[in-house]
Structures are given as structure tokens and as C-alpha cells.
Amino acid sequence: MRVSLEQAIAELKSGGVVAIPTETVYGLAADATNDSALKKIFEIKQRPADHPLIVHIGDMNQVSNWATTFPEVAVNLAKAFWPGPLTLVLPAQPHVSRVVRGDEATVALRVPNHPVALALLTHGGLSVAAPSANLFTQLSPTTAAHVEAGLGESIPVLDGGACNVGIESTIVSVSANGQWQLLRPGMISEDDIAEVATAHHQVSSAVSADAQQALPKVPGQHALHYSPRTPLLLFKDRQALIQEGEALQAAGLSCAAMLIGDSNDSELNCQSITLPNSPDKAAELLYSSLHHLDAMKVDRLLVELPPALPAWLAVLDRLSRAGYR
Ligand code: TXA
Ligand code: MG
């Protein structure tokens with residue numbers, strides 16, 4: 001059910017949930033201060049309660065409402081990348097809902113770079129917790145239609161068009177002493193983060209590998225996440241993918257493929273989508289292409305992996321969680 005901005009704000013203020021657009025993926029939003037509203041997110045998504053949620057705020061001045069400290073490194077990251085696809089995990093104020101925090105001592109904050117989301121947060125005077133608006137472990141939505149296909153027509157959706165980043169935000173935790181750690185790769189790369197973090201603050205540093213082992217594991221990062229319903233196989237090598245297509249056909253099974261780069265796929269015996277050979281453009285189209293292939297209802301999806309280069313890390317991360325090598 002599509003709703004207007006005013007309807008979405010009213011629904012959120014009265015304790016309802018609304019799917020909202022962001023530049024990364026659509027989020028299933030609820031008032032971040034209303035526990036009974038927040039619990040609806042977990043019910044609808046069938047998400048385990050120990051998976052914390054990201055709180056979306058209208059601007060960086062609101063960080064102090066949620067976090068006990070805003071270390072200089074985090075301030076500089078926020079100045080460099082907000083509004084944008086960066087989530088900062090900071091020590092939480094004690095009043096921050098345990099439902100949002102998933103019982104962690106920290107809270108995840110982000111200012112999304114989407115005009116409709118920003119209008120909702122600023123004009124509505126709201127802060128909303130919003131995980132991706134899909135069922136737990138399934139493909140993230142990048143259009144209003146994806147949300148409805150995954151969660152049903154009765155979910156209120158604020159349509160803001162197709163998401164132009166296309167994959168979930170980069171998550172960085174920053175401790176009170178300014179040490180930072182990448183928790184989830186995204187289109188803002190670890191190098192982008194390091195450049196800002198080290199340029200402004202001599203003593204700040206990435207947490208060393210030794211120290212990392214002592215830190216808690218990232219909650220809510222499952223090995224198989226972001227998956228289509230159709231079993232998905234990953235290939236480093238196009239030739240091996242083509243051979244698998246032939247073997248499946250010989251066994252009477254149907255397939256569809258997602259390739260990267262040139263679309264010289266004449267040898268391929270199944271329908272295919274080719275993603276552009278640019279990490280930004282491929283990320284933007286990644287989930288919509290997987291949704292499209294999934295809707296073909298074939299027996300197997302065959303996916304060509306991009307090269308193992310830093311610029312492709314976030315796309316590789318999502319693909320490796322979507323299928324099997
Ligand atoms: O781009 C995005 O980040 C999208 C849009 C809607 O903003 N949201 C999103 O939410 O991807 P979700 O729920 O699918 O992923 C949130 C992840 C959690 O699974 C967890 O890994 C991390 O954020 N997270 C949230 N709060 C945290 C905390 N306090 N400490 C550590 N990690 C946290
Ligand atoms: Mg998600």
C-alpha cells in the first residue's frame with residue numbers, strides 16, 4: 001500500500017511501521033523511541049531479537065541524543081560522509097531502547113542521503129530505526145515493488161524511486177578512545193574511512209588484528225544473508241559457469257545467469273543479465289538484478305564473481321552471503 005510523506009509521518013508517530021526509501025536499500029521504519037513499534041519490525045521481518053537496528057537521524061547534531069560520546073574521529077567521518085551510506089556505531093546513552101540495541105552497549109546511527117528520507121526525519125521530527133525492508137536473510141529491496149513482493153501488499157510503503165547506491169551502508173564502530181573498526185563493508189571503502197580517520201587525528205587508528213579478536217563479534221551478520229529463493233551458485237571463472245549451465249541442462253534443470261563486465265555470452269545456454277564493469281554501477285543494480293533473476297523461477301542461478309579487488313569488496317561480500325561457491 002503506497003502512502004504519502006504526510007501519511008508515513010502520521011503512521012510512524014502513532015506507533016506503526018512504514019517502509020521508507022534510502023539511498024542504499026529500502027528500510028522498514030519505526031519510531032526509534034517506541035518499543036512496541038520497534039517490536040513490530042522484528043515480527044514482520046521474522047528477525048531474531050539479538051540483531052540490533054540502525055537509527056536514522058536527520059543530521060549530525062542529533063548524535064548526542066543517542067551516544068554518550070562523539071569522538072573526534074567519528075565527528076570527522078560524519079562530516080565527510082553524512083548524509084550518506086555510512087553507519088557509525090558509538091557507545092549508547094542508557095535510555096536508548098534495548099530493542100534497538102539488541103542488548104549491546106552501543107547504538108548504530110546514520111543520516112541517509114535521500115531527499116524523501118531526510119524530509120521524513122527533519123519535517124517529521126522523527127528518528128527511525130530501520131533494517132532493510134525484507135524478510136530475515138532474504139534479498140534486500142531497492143524499489144517499492146521489491147518491498148511489496150517480499151513483505152506483502154498490506155505494508156505501507158513510501159515510494160522514493162529506485163535506490164541509487166543499491167547495497168547496505170558501510171558500518172564502522174568507533175570506541176570512546178577513537179579507535180575504529182570496519183564492521184560491514186559498503187560502497188564507502190575501508191581506505192576512504194582510513195583516509196579521513198588518520199588525516200584528522202594522529203592517535204586514532206584501526207584496531208589491530210590482535211585487539212580485534214578481543215572485541216565482540218558483529219551481531220546480525222549471518223553467513224547466508226541477502227539470498228534469493230532460487231539456489232545460487234558462484235563462479236570465479238566464466239567458462240566454469242557456462243559448463244555448469246550445460247551440465248544443468250543435460251540433467252533437465254533450468255538456470256539463469258548474472259555476468260559481470262562484457263556481455264559476450266553467446267555460448268551461454270540460459271537467460272542472463274550482465275552487470276556493468278564498474279563497482280558503483282554494479283552495486284546499484286545488484287539486488288534488482290537478483291530480484292529479477294529470482295522471479296524467473298528457474299532451478300539454479302549462476303553468478304559470475306567480480307575480480308577480488310578492493311573496489312569490489314562490498315559487492316563480493318553480498319554475493320558471497322547470497323550463495324555457494
Ligand atoms: O544501508 C543500511 O544500513 C540499511 C538502510 C535501511 O539504512 N539498513 C540496514 O539494516 O542494512 P540491517 O538491519 O539490515 O543491518 C543492520 C546491521 C545489523 O545487522 C548489525 O550488523 C549492525 O547493523 N548493527 C546495528 N546496531 C549495531 C550495534 N549496536 N553494534 C554493532 N552492529 C550493529
Ligand atoms: Mg538486512
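In helix H1, the residues Leu5, Ala8, Ile9 and Leu12 meet Val116, Ala119 and Leu120 of helix H5. Sorted by class, this contact between H1 and H5 comprises 7 nonpolar residues, with no polar and no charged ones. The model described here is a predicted one. Helix H1 spans residues 5-13 and helix H5 spans residues 115-123; their axes come within 10 Å and cross at roughly 50 degrees. The crossing in which H1 passes H5 is right-handed.

A second pair of helices was examined in the same terms. Two packed helices are described by the angle between their axes and by the distance between those axes. For helix H10 (residues 279-295) and helix H11 (residues 313-322), the axes come within 9 Å and the crossing angle is roughly 20 degrees. Because angles under 35 degrees count as roughly parallel, H10 and H11 are roughly parallel to each other. Here the crossing of H10 past H11 is left-handed. On the H10 side the contact is formed by Pro279, Ala283, Leu286, Tyr287 and Leu290, which meet Val315, Arg318 and Leu319 in H11. By class, 7 nonpolar residues and 1 charged residue take part in the contact of H10 with H11, and no polar residue does.

Helix H3, which covers residues 72-81, is mostly covered, with 7 of its 10 residues buried. The buried positions of H3 are Val73, Ala74, Val75, Asn76, Leu77, Ala78 and Phe81.

Apart from residues up to four places away in sequence, valine 17 touches Glu11, Leu12, Leu28, Ala29, Ala30, Ala37, Lys40, Ile41, Ile44 and Pro156. Among these, Leu12 is also one of the H1 residues that meet H5. Valine 17 and threonine 87 are separated by 70 residues in sequence, and their C-alpha atoms are 21 Å apart in space.

Threonine 24 likewise belongs to a loop, namely that between strand S1 (18-20) and strand S2 (27-31). With a relative accessible area of 4%, threonine 24 is buried. Its side chain makes a polar contact with the side chain of threonine 22, at 2.9 Å. When residues up to four places away in sequence are not counted, threonine 24 touches Pro85, Arg110, Thr142, Cys163, Val165, Gly166, Ile167, Glu168 and Ser169.

Histidine 56 lies in a strand, S3, which comprises residues 54-56. The relative accessibility of histidine 56 is 4%, and this residue therefore counts as buried. A polar atom of the histidine 56 side chain lies 3.3 Å from the backbone oxygen of isoleucine 54. Leaving aside neighbours within four places in sequence, histidine 56 is in contact with Arg110, Pro112, Leu121, Ser127, Val128, Ala129 and Ala130.

Technical notes: Residues numbered from 1 in each chain as written. Chains lettered and ligands numbered in written order. Predicted model: local features only at pLDDT ≥ 70, side-chain atom pairs only at ≥ 80, totals over all residues. Heavy atoms only, no water. Axes fitted to C-alpha atoms, helices over the stretch in contact; angles between N-to-C directions. Helix = DSSP H or I, 4+ residues; strand = E, 2+ residues; numbered from the N terminus. Left-handed = near helix turned anticlockwise from the far one by under 90°. Contact = heavy atoms within 4.5 Å. Nonpolar A, V, L, I, M, F, W, Y, C, P; charged D, E, K, R; others polar. Buried < 20%, exposed > 50% of the residue type's maximum accessible area, 1.4 Å probe, protein only. Polar contact = N/O pair within 3.5 Å; in protein donor to acceptor, adjacent residues only side chain to side chain. Parallel < 35°, antiparallel > 145°, perpendicular 65-115°, else oblique.
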